[in-house]
Amino acid sequence: SARVDYSLNRVKLPGGEPVNIHVTNNSLDVSFNRKWLTSTIFQYSNIRDLTGVNFRLRYRYGANDDLFVVLNSVATDADPFRNVDRSLTIKLTRSFDF
């Protein structure tokens with residue numbers, strides 16, 4: 001599945017120039033089979049010149065048992081190669097029956 005979302009807000013504060021705020025929030029979800037799933041979110045805002053990407057890989061190795069690998073990246077358009085904040089998160093869930 002895919003989703004494309006774009007919003008434009010025109011703001012005029014008293015005594016100031018009008019400002020156009022552009023925000024996009026797009027996503028793409030792919031299921032390769034019942035065990036392997038991915039989710040990707042792309043975001044952009046012109047106010048702070050930020051571009052963000054969130055990629056999540058999910059592996060379902062059992063009933064209610066999952067392994068998640070998540071990569072986040074946020075960059076400024078002023079210099080997208082130097083001003084980057086990245087993180088990698090790995091999460092393992094396991095259910096126990098008592």
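Predicted model: local features only at pLDDT ≥ 70, side-chain atom pairs only at ≥ 80, totals over all residues.
Colleague: What percentage of the residues of the chain count as buried?
Modeller: Buried means under 20% relative accessible area. The accessible surface of the chain comes to about 7,700 Å², with 56% of that belonging to carbon and sulfur atoms. Of the 98 residues, the buried share is 14%.

Colleague: Which pattern does the chain follow along the sequence?
Modeller: The secondary structure comes to zero helices and seven strands. Read along the sequence, that gives β-β-β-β-β-β-β.

Colleague: How many bridges join β4 to β5?
Modeller: Strand β4 covers residues 36-45 and strand β5 covers residues 50-62. The two run antiparallel. One partner pair is T38 with L57 in β5. The number of bridges is ten.

Colleague: Which residue in the turn between β4 and β5 has a positive phi?
Modeller: β4 and β5 form a hairpin. Four residues lie between the strands. The phi in question is about 50°, and the residue is D49.

Colleague: Over how many bridges do β5 and β6 pair?
Modeller: Strand β6 holds residues 65-76 and pairs with β5 in the antiparallel sense. Y59 stands opposite L67 in β6. The bridge count for β5 and β6 is twelve.

Colleague: And in the turn between β5 and β6, which residue has a positive phi?
Modeller: These strands also form a hairpin. Two residues lie between them. With a phi of about 60°, the residue is N64.

Colleague: How many aromatic pairs does the structure hold, and what is the angle between the planes of W36 and Y59?
Modeller: There are two aromatic pairs. W36 and Y59 form one, at 4.5 Å centre to centre. Planes under 30 degrees apart would count as stacked and over 60 as edge-to-face. The W36 and Y59 pair is tilted, with an angle of 35°.

Colleague: How many residues apart in sequence are the parts that the W36 and Y59 pair ties together?
Modeller: W36 lies in β4. Y59 lies in β5. The pair therefore ties together parts whose separation in residues is 23.

Colleague: Why is the pair of Y59 and Y61 stacked?
Modeller: Ring centres must lie within 6.5 Å to pair, and planes under 30 degrees apart count as stacked. The centres of Y59 and Y61 are 6.4 Å apart. The pair is stacked because its planes meet at 25°.

Colleague: Which residues do the ring pairs link into a cluster, and how accessible is each?
Modeller: W36 is partly exposed at 37%. Y59 is partly exposed at 24%, and so is Y61 at 29%. The cluster is W36, Y59 and Y61.

Colleague: Is S39 buried or exposed?
Modeller: S39 sits in strand β4. Its relative accessibility is 12%. Since buried means under 20%, the class is buried.

Colleague: With which side chain does the side chain of S39 make a polar contact?
Modeller: Leaving out residues up to four places away in sequence, S39 touches L28, D29, N54, F55 and R56. The polar contact of its side chain is at 3.0 Å. The partner is the side chain of D29.

Conventions
Residues numbered from 1 in each chain as written. Heavy atoms only, no water. Phe/Tyr/Trp six-rings, centres within 6.5 Å; stacked < 30°, edge-to-face > 60°. Buried < 20%, exposed > 50% of the residue type's maximum accessible area, 1.4 Å probe, protein only. Pairing = 2+ DSSP bridges. Polar contact = N/O pair within 3.5 Å; in protein donor to acceptor, adjacent residues only side chain to side chain. Contact = heavy atoms within 4.5 Å. Areas by Shrake-Rupley, 256 points an atom, 1.4 Å probe, with all protein chains shown as cover.
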